[in-house]
Amino acid sequence: MEDVKGFIAARVAEELKDGDVVSLGIGLPTQVENYLPEGVVITLLSENGIVGAGAKPSADDASSYVVDAGGQPASILIGGSFVDSAVSFGIIRGGHVDVSVLGALEVDEEGNLSNWIIPGKKFPGMGGAMDLVIGAKKVIIAMEHTNKGTPKILKKCTLPFTAVKAVDMIVTEMGLMVVTDKGIELLEYNPEFTLEQIQAATEAQLIISPNLKKMAAGQ
Amino acid sequence: MAKLVSVEEAVGLIKDGNTVMIGGFMGCGNPHKVIDALVKKGTKNLTVLCNDGAWPEFGVAKLITSGQVKKLIATHVGLNPEVGKKMNTGELQVELLPQGTFTERIRCGGNGMGGFLTQTGFGTIIADGKQVLSIDGKDYLLELPLKADVALICGNKIDRKGNVWYKGTTRNFNVVMATAADIVIAEADNVVELGEIEPENVVTQGIFVDYIVDGGNA
């Protein structure tokens, strides 16, 4: 696959409904915006202070006064508004965000998520992630299935949690999974991989859905 | 009423060992002129509350590089490698908080509230040592207020009474920080006449602001 990240982002985009309030994390999740199905208009929340964020501005249009949650130049759509951080996180904790799409270092079969610290190695911080995964109605993890071959979908996260039992769905280049009471259920698989290959790349025991489908991003 | 002072007078109000809140998000909405003057003055052993460490050599990062910050309370420091370096050498302590909790604890500090309850961080190391309360079957952490000796904020237009209007995404933490410190110093991109900011558009009321510094961007 040439564009793994684009493939994942395109599949995540299919999960978004017209009118959803959506938060997209830095990196791969940001690309989801590029693949929205026709007729689906979302309100993008940038937790540093934009309700209704727009596309990345050209260098000429960029303003030092308008940045996104990665500190990069951003834009606001007509009908959008700027908010302070207290209002922004009120929106987030208050359940007013429909979908939060984030990356993960690890996710496990209970829906626990680790994505903010690698003790002794990396100490970037959680930013808004802990609030987003607690507050959003649906939490989608968009990430590559493994870290260069090492499984990221585990029986139990080994890194400090970002949140417990918070993840609803995981989308990778191998498939689409949901977290259930019984474990992680594979609903869709990418036919470029066999089910054996997908399980081999996953530490958690996958439950194969009786209605298993082929992954059909962007079709 | 807010008093217009020089940037040197303003930073003279900050003492060694003070706890200082600094508004802004990745430098956007940092009071850049006040920070530059504080670096020049060399005030030491500061505990700084700021969302992040910005980018190297930009905004609040300059205070970290200069070694004036003893402790940084933030939510994300991954984009300024200097923070990690100084942590490893023991020159800088860093305490990380979830961004919504950081903001709301400051809001509590400025709003006379004894704390607030949030599900954010429950079951994580953030919860260590914190009281858990169960309400309607859900577990919440009790998070306590944060206050400071001085808050350094930045607005695009500030009138002679200290009323502030913010441009773009610069509201961020400036709005809550303006309420939560003994001394509030507001850097104005533009100092404007009374009435120039319509009453409906005042975001931070002048009663919160003690000193105004003209950022001279007009």
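Ser46(A) counts as buried because 26 C-beta neighbours fall inside 10 Å; a residue is called buried if 20 or more other C-beta atoms lie within 10 Å of its own, exposed if 12 or fewer, and partly exposed in between, with C-beta atoms placed from the backbone. Ser46(A) belongs to strand 2 of chain A, residues 43-46. Here helices (H or I, at least four residues) and strands (E, at least two) are DSSP runs, numbered from the N terminus. Leaving aside residues up to four places away in sequence, Ser46(A) touches Ala53(A), Asp68(A), Ala69(A) and Ala74(A); two residues are in contact if their C-beta atoms, placed from the backbone, lie within 7 Å. Between the C-alpha atoms of Ser46(A) and Ala62(A), which are 16 residues apart along the chain, the separation is 16 Å.

The model is a predicted one, in which local features need pLDDT of at least 70 and side-chain atom pairs count only at pLDDT 80 or more, while totals for chains, interfaces and linings use all residues. Residues are numbered from 1 along each chain as its sequence is written, and chains are lettered from A and ligands numbered from 1 in the order in which they are written. The complex receives an ipTM of 0.97 and a pTM of 0.96 from the predictor. For chain B the average pLDDT (the predictor's confidence in each residue, from 0 to 100) is 97, and 99% of the residues score at least 70.

Turning to chain B as a whole, its secondary structure comes to six helices and 12 strands. Its radius of gyration, taken over C-alpha atoms, is 17 Å, close to the 17 Å from the globule rule for 218 residues, so chain B is as compact as a globular protein of that length. The rule itself is 2.2 Å times the number of residues to the power 0.38. Of the 218 residues in chain B, 54% are buried.

After helix 2 comes Gly42(B), with a positive phi near 85°.

Finally, where the chains meet, 36 residues of chain B are in contact with 32 residues of chain A. Helix 5 of chain B gives the most to the side that touches chain A, with five residues.
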